[in-house]
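Biologist: Before we discuss any labels, could you bring up the model, so that each term can be set against its value?

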Amino acid sequence: MAKTDFFTALPPTVSALIITDYLKLKDIVGLDTAFCGKDARNRFLAIYHEDACVLKIKQHSVVTFTTPTFLWLASRSLCVEGISLHKTWNPSFTDKFIDYAVACGRQIKFFHPALESGDTVTVEQFVSITKQCPEMAIIAGIRASFVTEHAMRTVRASNPKLMSLHVIEGDEAPEDLSALTYVVAGGLPSLKTLRIPFTEDLGTTLVRIAQNCLNLEKVEVKLGSNYDLKLPNGDNVLVALSECANFDSLVLPAHTVTDVGLRALSKCSTLSVLELSDNADVTLEGFEALSKGCPELKELRLPDIQARQGAPRLSTTQFTNLQKLSLRCCTALRDADVTHLAATCPKLIDVDLYMCVNLSDASICALSVGCPSLKKLNIVGVQFCDDTFAQLAQTSRNITHLTCTPNELFDEREGVIAAFTHLTKLEFLNVERTNLLNHPVVVSTLLENCPQLNTLESMYAEVCEEIMELMANASFQYYRDGIFER
């Protein structure tokens with residue numbers, strides 16, 4: 001293939017370049033300029049090579065390395081700011097990669113070894129890389145088995161500007177992450193984000209980290225394989241985190257949090273995201289303190305939470321900035337609670353009431369009237385009739401994602417057809433255990449009026465041949481169990 005100068009031939013409106021297998025790197029004139037030239041940085045948002053190399057130019061240069069991509073860059077002494085090893089990475093090249101990291105030196109600020117997919121690096125090689133990159137600010141995706149005293153002491157000594165640390169579970173459920181405390185020994189004011197798996201010693205570890213990282217802003221804990229463990233001192237964790245002046249986001253399987261912890265967390269006036277799951281030790285008093293002290297809260301997720309004194313009502317108007325709410329499986333929730341919520345949280349765009357089985361039409365009507373910006377709604381397990389669905393469609397025309405399992409929905413097809421003429425922005429529709437896919441007129445109306453629809457699910461429902469033909473003509477592919485995507 002003749003070499004082509006794409007960078008002068010492309011229209012000026014193009015902001016991203018995709019290079020497939022049909023165009024090899026060596027066939028593109030000026031690619032060196034694209035990787036590191038000033039003109040390309042001002043022009044391109046990103047360059048994609050095949051399915052493995054992603055180079056973000058305007059924000060920060062992060063390359064996802066396959067072995068050939070790495071060898072190409074290294075042979076031209078091209079430096080990057082961030083490195084992510086692709087799942088196809090050949091570990092036998094890791095030592096050469098370390099030499100490349102030495103050459104890049106202080107420029108490398110981001111490292112993601114992609115250990116979710118295989119053994120791309122060993123613990124010893126990881127330690128060596130951190131030593132060579134003193135400006136490292138983000139370490140993402142290291143296994144819990146890498147959290148040893150030696151490795152964490154090296155990270156602390158070599159990377160004093162570390163801002164974000166992400167630990168994944170790995171092949172086995174981690175038992176101990178206490179070595180994380182060596183990263184923050186003596187204080188690490190730069191650390192702002194921490195993502196770690198759940199372990200039995202988590203409470204004590206988080207308390208020590210919070211005490212040494214007063215600029216901590218985000219903490220996310222994933223349950224993973226340790227879903228049966230209980231956090232023994234949830235209140236202590238929240239009390240420690242509340243001393244971080246700019247604390248913004250907390251995701252914690254806090255089984256033992258009480259009102260004491262919520263009152264402490266209410267000191268975090270900058271808190272915008274909170275998820276506390278599977279908790280039965282909070283009362284209305286704790287939620288009221290949280291709502292008054294955290295007026296900037298935008299996301300509140302309380303899956304499986306059952307307050308001792310009934311549902312966790314948002315009984316003040318302090319949550320006026322709330323945009324996303326999840327109360328999945330909160331069986332104590334009643335229509336009166338959702339009605340009050342809809343009236344006091346007008347900015348809601350995403351509401352998840354999955355399996356809140358004691359709710360009815362009244363809750364859906366209240367949300368449709370009180371939350372005009374609503375885009376995503378999950379009401380699986382909430383029973384409602386066609387009239388309610390019609391009102392939802394008429395008053396909530398911004399909905400893009402709808403998941404529901406109505407009791408008698410689609411039995412009266414005229415009302416449903418009329419409703420779909422209003423949901424013109426719909427992108428995702430999941431109507432499990434209904435007979436939607438047996439009504440060609442309903443599906444035709446849906447396809448005609450919802451041009452942005454790209455996923456239709458009706459799991460556990462039989463799909464007739466006429467529907468299969470309709471969906472195929474609309475460029476949908478059938479996958480399994482009533483799931484269509486395009």
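Modeller: In this predicted model, the axes of helix 12 and helix 13 (residues 361–370) come within 8 Å and cross at roughly 0°.

Biologist: What makes helix 12 roughly parallel to helix 13?

Modeller: Angles under 35 degrees count as roughly parallel, and the axes cross at roughly 0°, so helix 12 is called roughly parallel to helix 13. On the side of helix 12 the contact is made by Asp335, Val338, Thr339 and Ala342, and on the side of helix 13 by Ala362, Ser363, Ala366, Leu367 and Gly370. By class, this contact of helix 12 with helix 13 has 5 nonpolar, 3 polar and 1 charged residues.

Biologist: Why is Cys329 called partly exposed?

Modeller: The relative accessible area of Cys329 is 25%, and because buried means under 20% and exposed means over 50%, Cys329 falls in between and is partly exposed. Cys329 is found in the loop between strand 14 (324–326) and helix 12 (335–344), and its phi is near 60°, a positive value in a residue other than glycine. Most residues other than glycine have a negative phi.

Biologist: How do you know that Ser475 is exposed?

Modeller: Exposed means a relative accessible area over 50%, and Ser475 has 55%, so the term exposed applies to Ser475. The place of Ser475 is in the loop between helix 17 (465–473) and strand 20 (477–478).

Biologist: What is the phi of Ser475?

Modeller: Although Ser475 is not a glycine, its phi is positive, at about 70°.

Definitions and conventions:
Residues numbered from 1 in each chain as written. Predicted model: local features only at pLDDT ≥ 70, side-chain atom pairs only at ≥ 80, totals over all residues. Heavy atoms only, no water. Helix = DSSP H or I, 4+ residues; strand = E, 2+ residues; numbered from the N terminus. Buried < 20%, exposed > 50% of the residue type's maximum accessible area, 1.4 Å probe, protein only. Axes fitted to C-alpha atoms, helices over the stretch in contact; angles between N-to-C directions. Parallel < 35°, antiparallel > 145°, perpendicular 65-115°, else oblique. Contact = heavy atoms within 4.5 Å. Nonpolar A, V, L, I, M, F, W, Y, C, P; charged D, E, K, R; others polar.
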